[in-house]
Amino acid sequence: MGSNQLPDISPSATDISEILKPWRTSSQREVADYNTMGPAIWLRTCYTIGSDEKHEALINGVDMDNAVDGDHRLLNDPTHYDYGADWQRVFEVLPELLEPNDQSWESYEENHHTEFEALRAYAEGGIARADQRLVDNLTGVSQGMPQFGFQGAELENQVAKALQSSVHKACVVAWVVLEDEEALESGKVALMFVDALGRVVRSIRVEVGEAERMGGFWADGSWDEIHEWEDGESGPEYRLGGSCGGLLLESIRGA
């Protein structure tokens, strides 16, 4: 073997039978493969008595191809996914879901850093330090309609919200349609947008029809422009005081 060649690390038959197969099933390995919708799954985590009927009623009419790129990405098995409230355990079995979609780790980190610095500049210097194109858009100048744009304190709030949204979007690598106990009782599933460590960036409860259309919005890159994202609640780590929320200062408290 030459000095520049890597050793063969392909699993042996024994490795496959004794290590890989017990770790996850063939269907789970299929989910881990790349798909056109990106890293999306529909995850059912509640399997209490009577929940099967509620599950069938909930997903009746949902096109899983539109929602998450196929029925195989509907994770519905009490043997493997009876997580209860601890739904993020799915990433222990499917860590591939947390890989940046269509970009390298370097690009992911660079993009996050760029958006973070834009928010830092605004927090330190106000409107004068904000991106002028963003300000012109929010004030109506870029559309030639300043009479309909934001001004004063409301402009500052809108700039902060837009910059915070950009930081959050840069952190997101995957989304999960969570069908938990609350979803089966209320009829509303939870959309969970997560970062590369599986932490919730934003979440929101929606009707299944709204969840179904997320696949298309993710595919064309416009998912941060719809109310399911804009109205979403920041996850615990992304709130003021959370481990990722240190920059969300008083100027964006209400964002």
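At 37% relative accessibility, arginine 213 counts as partly exposed (buried is under 20% relative accessible area, exposed over 50%, partly exposed in between, with a 1.4 Å probe and protein chains only). The model is predicted: local features need pLDDT of at least 70, side-chain atom pairs count only at pLDDT 80 or more, and totals for chains, interfaces and linings use all residues. Residues are numbered from 1 along each chain as its sequence is written, and side-chain values use heavy atoms, leaving out hydrogens and water.

**Salt bridges**

- The structure holds seven salt bridges (a side-chain nitrogen of Lys or Arg within 4 Å of a carboxyl oxygen of Asp or Glu).
- Side chains of opposite charge can pair when their charged atoms come close.
- Arginine 213 pairs with glutamate 228, and their closest N and O atoms are 2.8 Å apart.
- This pair links distant parts of the chain, 15 residues apart: arginine 213 sits in the loop between α11 (208-212) and α12 (214-220), glutamate 228 in helix α13 (residues 227-230).
- Glutamate 228 is buried, at 1% relative accessible area.
- Lysine 54 and glutamate 185 meet in another salt bridge, at 2.5 Å from N to O.
- That pair also joins distant parts of the chain, 131 residues apart: lysine 54 in helix α3 (residues 51-59) and glutamate 185 in helix α10 (residues 181-186).
- Lysine 54 is partly exposed at 37%, while glutamate 185 is exposed at 55%.
- Aspartate 52 bridges to arginine 44, with the closest N and O atoms 2.8 Å apart.
- Aspartate 52 is partly exposed at 46%, but arginine 44 is buried at 2%.
- Asp180, Glu182 and Arg205 form a network of salt bridges.

**Nonpolar cores**

- The largest nonpolar core has 55 residues (buried Ala, Val, Leu, Ile, Met, Phe, Trp, Tyr and Cys joined through side-chain atoms within 4.5 Å).
- Trp42, Leu43, Trp87, Trp175, Val189 and Leu191 touch the most other members of this core.
- Strand β4 (residues 188-194) gives the most to this core, with six residues (strands are DSSP runs of E, at least two residues; helices are runs of H or I, at least four; both are numbered from the N terminus).
- A second, separate core of ten residues includes Tyr122, Ala130, Leu134 and Val159.
- Beyond its neighbours within four places in sequence, leucine 191 has contacts that include Trp175, Ile204, Met214 and Glu228 (contact means heavy atoms within 4.5 Å).

**Helix α9**

- Helix α9 (residues 152-171) has 20 residues and reaches 29 Å from first C-alpha to last, close to the expected 28 Å (1.5 Å times one less than its number of residues).
- Its buried residues include Leu155, Val159, Leu163 and Val167.
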